[in-house]
Amino acid sequence: MRTLPATLLRAFLVVGFVLFISLPLVMILLDAFGADWFGMRMLPAQWTLRWFVWAAQTIDLGAVALNTVEIALMTTVLTLAAALPAAWAIARYRLPFKAILIGAILFPRMIPEITFALGVARIFYAIHLTNTAIGIALAHVMLAAPFAVLVLVSTFEGLDSRLLEAGTVMGCSPLRLFWRVTLPLALPGIVAAALFSFLASYNDFVLTLMVYGADTVTLPVQTYLSLGNGYLSVAGAISTILLVPSMLFLLAMMRMVNPENLLGGLKGA
Amino acid sequence: MTVATRGMPAGHARHVLAGSLLVCPLMLFLAAAFYYPLVYTVAESVTPTAGPGLTLAHYTEFLGSRAGLGVLALTLGLSLAATLLSVLLSLPLALLLRRKFLGRRALQFLMMLPITIPALVGALGLLILYDRTGWINVVLLKWHVLSEPLAIDYTIPGLILFYVWMFFPYGGLVIMSGLGAIDPALEEAGLVMGASPMVVFRRVMLPLLRSSLWAGAVMIFLQCFGAFSVPLIAGGNYQPIGVKIYTIANVFLDWPQASAMAVVMGIIQGGLVFLYQSIGQRRRVA
Amino acid sequence: MTEPRLVLEHIAKNWGRLAALSDINLTVPRGMFLSLLGPSGCGKTTLLRVITGSATADGGRVVVDGLDVTGLPTYRRNMGMVFQSFALFPHLSVADNIAFPLTVRGVSRAEQQRRVAEALRIVHLDALAERFPRELSGGQQQRVGLARAIVYQPTILLLDEPLSNLDASLREEMRLEISQITRQLDITAVYVTHDQHEALALSDAIAVMKLGRVVQFGTPEEIYGAPVNDFIARFLGYANELPVVVTDGRARIEADNTGLETGPIGLTGPATAFIHASAVVLEASASDGPNRIACTVADLAFMGDHVEYVLRHKAGLQLKAQAPIGAPVYPRGTEIRAVLAADKLIVVPRDTTDPA
């Protein structure tokens, strides 16, 4: 298609697409950093950080951010603690019930979050686990674990047995082997699983919405609350902080992986 | 690639035991924090609002009432419309992104954006952009394309548009991978044999893309069906099933009713996942 | 006088700063079977794709039957192509694959069936019309590819290393079929390969390519008997090469100044002498005569129908010789004389272009 009208059409479509995708996000930025803008003009009259300051002072944005990170870190640790041995077993042991096992692990991602969020909320309420960071983290593990297990199983399956065998032949005890050979080889996969877990927890909305409390407001929840109260710009400001890990993650992934090979959701609902 | 077992039955049993122990922590987590709540929800869905025993009243209430069916119709209708538009968007996009050109990486990055960022943020951005006093309307009014602002937020067409923005990359990725699997020599062969690019697309590529298109469509539909943040924020009075469940649980505190709806939603969505995977199986065999 | 089927004038193509093709000029008369022969990266496949239009030349013209087709898109050039990877449409049966170009041209159903049956007959696949490509062997798939490429009587048939994806045993068989069919149908063909045996066996003419240029053009006999430089000789499989210096029509081995007797030499200065292993004979006793080189047997291997010797010359040169079964066998370390048949010893200039 080298004709001029075809090329123009293509260019037009590309520009249209770029605008279509990026404008909503640009709006977030304008909303967060602009004043005297919404509803009035194309670009803000002033650029300001006042919404962040306001949020920090009035709704304690710092604490909210801290909560989110804290919970996400807990989720990551818990997920890895459970997923590492499980993935190792799945990848390298001959278990008769493997297919069922994998199905059971991936199932949380196959049904809507709200469906089991209801049950989680009720149970947490009954055992007073709502409004605790550890409670929320536990719930998030369910969302993070399927991904973590998938990535880790693939990593562990990809470990060259011959390298491990060589290590043993050269005199490594099982513990030493794990520490000096297995771990370094599996590190990229483990890092990926950790990042997935962190992101799944950091971004999560539905589940958190059902089990949060005054002390455990996370960034997604706060965004929703601020929006509900009519503070559009504050919601925008909080969103920019919410965006950071996802964007970094995407940039990192783009550098390493071909988008065609990525399937399945990466974010929290 | 498995750890070798030493000797016969005894060694094998120990092997399985060791493996099972490794899997235990995760399975305990799952049982406690996922399967138990799920069972609880199912149990709650058959609990009468008052009194003991079991009942299917909540289900009949949901599936038998106008309101209930209306919710399903809304959800399915939105999902269907958004899926159709998304596929129509993904296909030319996937074709465009096939060959290397300046900015291809950037376009791929953009395409991944809606599914990588939290849905809530995307929904907020869409809300702001398409508001009656939002940027789009401001610009269109300024340039005299419109004389009155366009209502997009909180409308059905608007919601469909938002769904497309949020979920089309799921299909796009599937279709792109399907396109990549087609041998480029096939296209070349078609052209050399005298078929114009349009004919090659219609008679060579589309047939080979069929299962990718279906898989992509199912994937998009799945996501639309389960949408929560977008309709919550930008749906206005329209409440598809996810939001409806939340409202009934948290606002009306009718947990049994919400649970019944959640179970129905879960079954439908689970069925769609199953459908997606069986299409995937067929792709690999063909 | 009829127009040549295909003329390439000053074809050039660049990948960025790299010249994939530089100033290619070729004339292909009707009915000729031309091979483009060369190592990977020499541009032969690129040239093929310039002919079909799948690749655009940055300079030059492609002329078919007197008409400039350079600007014509691929699907209007009415050429046929056989692919290395077969490129059969997996979703169509064999018959539908072959009928595809006919349907595109609006040929009637009845006529389609007739022509498809005819094409299947030519490639000996009559019984497989309703099968699908995935059910066929490699050789069968390639035959379908061939049938599909000729069923609409293209002006030129292009073949891109069609035998490379076949087992060695099949290759010979398919090569013969291609030869027979193209001759039978009087097709003008351009054949791309890196295998000199294929090129020599199939072609009326060969264009040897290196780094985007045609370095020699001629009949198989001309190319084989008189390669224009050492790169081509090496590529054609001359096992022995000796750096020599030519003065006054006589060649001397560069390493130790031994004189060599050869056919007439038309050049002076540094050059390379080539001879096949089969033209080097081993002689135990010292006899007089030209081209006798004292060597030691470094290695020998039983090759089934002959014994292959690796000989080391005192100046460090290596020679390969072949001896028939039944001749005396000389173990490693034997001092021996290698006799180079004077009429089989060719002297060619050294290739001065950049190394491939």
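I started with burial in chain C: of its 356 residues, 39% count as buried (20 or more other C-beta atoms within 10 Å of the residue's own, with C-beta atoms placed from the backbone). The model is predicted, with pLDDT of at least 70 needed for local features and 80 or more for side-chain atom pairs, while totals for chains, interfaces and linings use all residues. Residues are numbered from 1 along each chain as its sequence is written, and chains are lettered from A in the order in which they are written.

**Chain C.** I looked up the secondary structure next. Chain C has eight helices and 20 strands (DSSP runs, H or I of at least four residues for helices, E of at least two for strands, numbered from the N terminus). Its C-alpha trace spans about 80 × 45 × 40 Å along the principal axes. I then took contacts (C-beta atoms, placed from the backbone, within 7 Å). Among those in chain C between residues at least 6 apart in sequence, 67% join residues at least 24 apart.

**Chain B against chain C.** I find 15 residues from chain B and 17 residues from chain C in this contact. On the chain B side, helix H8 (184-192) and helix H9 (197-225) each give two or more residues. H8(B) supplies the largest share, six residues. By class, the chain B side holds 11 nonpolar, two polar and two charged residues (nonpolar: Ala, Val, Leu, Ile, Met, Phe, Trp, Tyr, Cys and Pro; charged: Asp, Glu, Lys and Arg; polar: the others, Gly among them).

**Chain A domains.** I noted domain 1 (1-47) and domain 2 (49-261) of chain A, with bounds from an automatic or database domain assignment. Their C-alpha centres lie 33 Å apart. Six residues of domain 1 and eight residues of domain 2 make the contact. Helix H1 (residues 4-33) of chain A gives the most to the domain 1 side, with four residues.

Conventions:
Two residues are in contact if their C-beta atoms, placed from the backbone, lie within 7 Å. A residue is buried if 20 or more other C-beta atoms lie within 10 Å of its own, exposed if 12 or fewer, and partly exposed in between; C-beta atoms are placed from the backbone.
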